[in-house]
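User: I am new to this structure. Please go through it with me in short questions and answers.

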Amino acid sequence: MAAAAAVRVSLLLGLAILLALVDPAYSQTCTSPKFSSNRIYANCSNLPKLGATLHYTYDASNSTLDIAYTATPASGGAWVSWAINPTATGMIGSQALMALKLSNGSVVAKTYNISSYSSIDESKLSFDVWNLAAEASDGSMIIFATIKVPGTSLNQVWQIGGAVDGTSPSIHPLEQDNKESRSKLELVSAGQNGITPTPTPTPTSTPAPSQNDSAAVSFLRRTDLSLISGLALLASSVVIFS
């Protein structure tokens, strides 16, 4: 009995150490739903307003960005949008991708040049867009697209809208979150969620780790979560059968 307890304590201690060393990329709060057509993205960001999510993959070799933007329309609404503003940080000047649910129940994707607060014109954007599509799933709407991005530091603006008149979107709600739904998306030297992490100062009095120590930590951080899951399962079995 005492031996089983000792094994249990050792396993749980090992599990705690491994969890502390796992790379933070495994600890993202962003969910990873299964998209249609087996679409897979390298990064995911929970956008800070309106409960929206952006999955994306950036290819630096050809400056393209594959995105899947997911959001739930406002109450009684039927459209959502995600945009890049090449010239400013707000709504005016935004080059928008929009998903609209039409009166017949179908969901379509369109592009809009937001030239003023009173003018939302369906038009080509200032950058190339292809593979544009939209769909609805579990009350949310999803926009898929591939974009030739104008840079690696993007002003992104997103929105959840009201009703749709024909194929034209009506005004979105004017709550504070709707007015603040914008941020910077960094595509180079960024963390997994697209936000550039703040560098940690290097201590001056602490000796640098040895090559062997660095290799050990690197190995542990590369360890797949399956190892941790197995360890937790083993610990559970000890608890059950002890």
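Analyst: Buried means a relative accessible area under 20%, exposed means over 50%, and partly exposed lies in between, with a 1.4 Å probe and protein chains only. Helices (H or I, at least four residues) and strands (E, at least two) are DSSP runs, numbered from the N terminus. This is a predicted model, in which local features need pLDDT of at least 70 and side-chain atom pairs count only at pLDDT 80 or more, while totals for chains, interfaces and linings use all residues. Residues are numbered from 1 along each chain as its sequence is written, and side-chain values use heavy atoms, with hydrogens and water left out.

User: How many helices and strands does the secondary structure of the chain come to?

Analyst: Of the 242 residues of the chain, 35% count as buried. The secondary structure of the chain comes to four helices and 13 strands.

User: How many of the residues of strand β9 are buried?

Analyst: Strand β9 covers residues 140-148. It is largely enclosed by the rest of the structure, because the buried residues among its nine number eight.

User: Over how many bridges do strand β3 and β9 pair?

Analyst: Two strands pair if DSSP finds at least two bridges between them. In one example from this pairing, I67 stands opposite A145 in β9. Strand β3 (residues 64-71) and β9 run in the antiparallel sense, and their bridges number eight.

User: Which residue in the turn of the hairpin of β8 and β9 has a positive phi?

Analyst: β8 and β9 run antiparallel and are joined by seven bridges, and W130 has T146 in β9 as its bridge partner. The hairpin leaves two residues between the strands. The turn residue with a positive phi, of about 55 degrees, is D138.

User: Which residues is A136 in contact with, leaving aside its neighbours within four places in sequence?

Analyst: A136 lies in strand β8 (residues 129-137) and is partly exposed at 45% relative accessibility. Its C-alpha is 8.8 Å from that of S106, which is 30 residues away in sequence. With contact taken as heavy atoms within 4.5 Å, A136 has as its partners V107 and M141.

User: What is the relative accessible area of S81?

Analyst: S81 is placed in strand β4 (residues 79-84). Not counting residues up to four places away in sequence, S81 touches Y69, L97, M98, I143, V157, W158 and Q159. S81 counts as buried because its relative accessible area is 7%.

User: Among contacts in the chain between residues at least 6 apart in sequence, what share joins residues at least 24 apart?

Analyst: The share is taken over contacts between residues at least 6 apart in sequence. Those joining residues at least 24 apart make up 57%.

User: Which residues are linked in a network of salt bridges?

Analyst: A salt bridge is a side-chain nitrogen of Lys or Arg within 4 Å of a carboxyl oxygen of Asp or Glu, and the structure holds three. D177 and K49 form one, with their closest N and O atoms 3.6 Å apart; D177 is in helix α2 (residues 176-179) and K49 in the loop between β1 (43-46) and β2 (53-59), 128 residues apart. The network consists of K49, D177 and E180.

User: Is K110 buried or exposed?

Analyst: The side chains of K110 and E122 meet in a salt bridge at 3.4 Å, N to O. K110 lies in strand β6 (residues 107-114) and E122 in strand β7 (residues 120-122), so the pair ties together parts twelve residues apart in sequence. E122 is partly exposed at 48%, whereas K110, at 19% relative accessibility, counts as buried.

User: Which residues lie nearest the centre of the largest pocket?

Analyst: A pocket is an open set of points on a 1 Å grid over the protein atoms alone where a 1.4 Å probe fits, with protein on both sides within 12 Å along at least five of seven lines; lining residues have an atom within 4 Å of a point. The largest pocket is lined by 25 residues, and the elements giving two or more residues to the lining are β4, β5 (95-101), β10 (153-160) and α2. Nearest its centre lie M91, Y117, V157, Q159 and H172.
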